[in-house]
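Good morning, colleagues. Please take a moment with the sequence and the structure on the screen before I turn to two local features and then to the chain as a whole.

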Amino acid sequence: MLSRKNKLLLMKIVSLFSVVRGYNIPIIVLAQYLSAIFILAPEKRALTVLLDFNLFIIVLASSLTIASGYIINSFYDSKKDLINRPEKSMLDRLVRQSTKLYVYFGLNFVVAFLSFFVSWRAVLFFSVYIFLIWFYSHKVKKYPIIGNLMAAFMAVLPFFAILLYYKNLYEVIFSHAIFLYLLLLIREMIKDLENIKGDLANDYQTIPILYGENTSKKVITALTVFTVLPVYVLIDIYDVGYMDIYFYVCMIILIFFLIYLWKSDSKPQFLLLHNVLKLLIVTGVFSIVLIDPSVLWHGRKLLLTAFTGHSHLISLL
């Protein structure tokens with residue numbers, strides 16, 4: 001049995017994990033590596049990409065920056081979250097605000113230190129990224145349109161770190177980025193509809209508060225229609241392999257998404273739409289492997305060969 005002190009410590013660790021949204025970090029790491037292997041550096045062997053020390057540092061620094069971003073966002077949104085997410089907010093409050101700030105500055109220091117191992121450009125990139133996250137959380141997120149645009153932009157920024165590292169400016173990369181950016185922007189707009197009570201109580205000037213839910217739904221509809229453009233480019237102009245299956249399914253789901261959007265008028269309904277978008281984004285991460293499934297087959301073949309050789313060595317011993 002755990003003592004009361006140990007139970008409290010465990011709850012605080014769980015609370016901090018909730019604050020940094022630790023469940024999201026592995027997905028982001030996986031997305032960065034899959035993007036590097038299949039989209040940003042397709043000419044390199046998968047094993048070469050996975051064993052690249054500089055890439056590992058970039059991915060690690062990105063993860064820590066995102067974690068610190070969640071902390072500072074939670075710091076500024078504590079009152080709003082008490083209304084919008086009371087259960088999560090009570091868990092997050094087990095960690096004091098001062099402790100959150102200590103962890104926030106500590107993570108940012110580690111990011112700056114790690115990025116020195118890559119290059120001065122990496123230091124500059126992550127310094128700007130950290131500043132933008134703070135500026136968004138402190139000032140920008142309370143304003144309509146620009147707050148949504150900046151939130152979606154910062155969500156795709158870690159992938160630009162890898163893009164700058166490999167220096168590959170293929171047009172197909174920007175088509176993928178635009179599609180992802182639109183999904184993230186739509187998600188931010190849905191979050192405004194979902195969190196309207198807390199935003200209103202804390203003087204957040206979001207689109208549904210300033211212009212009404214109907215206008216917000218019209219903007220979301222327009223953005224959803226625009227997703228057809230990068231999908232068309234990716235399927236009909238560039239070779240994305242079997243990933244076109246994901247895009248076709250995605251378009252069908254987005255049609256039903258819009259139908260349900262115009263029928264929605266409560267927080268649980270908007271939360272469902274939010275989760276649908278999260279599912280599409282996460283599924284898109286795993287679907288990247290469909291661009292060239294042979295990479296996975298070759299990787300599996302290498303592992304089987306290594307395992308067979310290792311087993312043969314053991315038998316000789």
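Predicted model: local features only at pLDDT ≥ 70, side-chain atom pairs only at ≥ 80, totals over all residues.

**A buried lysine and a helix pair**

Lys 141 is buried, because its relative accessible area is 10%, which falls under the 20% cut-off. Where does Lys 141 lie in the chain? Lys 141 belongs to the loop that links helix H8, residues 120-138, to helix H9, residues 146-166.

Let us consider its surroundings. Leaving aside residues up to four places away in sequence, Lys 141 touches Asn 73, Asp 77, Lys 80, Tyr 136, Gly 147 and Tyr 204. With one of these, Asn 73, the side chain of Lys 141 forms a polar contact of 2.7 Å.

I now move to the second feature. Helix H14, residues 228-237, packs against helix H15, residues 243-261, at an angle of about 155°, and their axes are 10 Å apart. Since an angle over 145 degrees counts as roughly antiparallel, H14 is roughly antiparallel to H15. The crossing of these two helices, H14 and H15, is left-handed. On the H14 side, the contact is made by Val 228, Val 231, Leu 234 and Ile 235; H15 contributes Asp 244, Phe 247, Tyr 248 and Met 251. Sorted by class, the contact of H14 with H15 comprises seven nonpolar residues, one charged residue and no polar residues.

Finally, the chain as a whole. Its secondary structure consists of 17 helices and zero strands. Of the 317 residues in the chain, 45% are buried. Among contacts between residues at least 6 apart in sequence, 77% join residues at least 24 apart.

Technical notes
Residues numbered from 1 in each chain as written. Heavy atoms only, no water. Axes fitted to C-alpha atoms, helices over the stretch in contact; angles between N-to-C directions. Helix = DSSP H or I, 4+ residues; strand = E, 2+ residues; numbered from the N terminus. Parallel < 35°, antiparallel > 145°, perpendicular 65-115°, else oblique. Left-handed = near helix turned anticlockwise from the far one by under 90°. Contact = heavy atoms within 4.5 Å. Nonpolar A, V, L, I, M, F, W, Y, C, P; charged D, E, K, R; others polar. Buried < 20%, exposed > 50% of the residue type's maximum accessible area, 1.4 Å probe, protein only. Polar contact = N/O pair within 3.5 Å; in protein donor to acceptor, adjacent residues only side chain to side chain.
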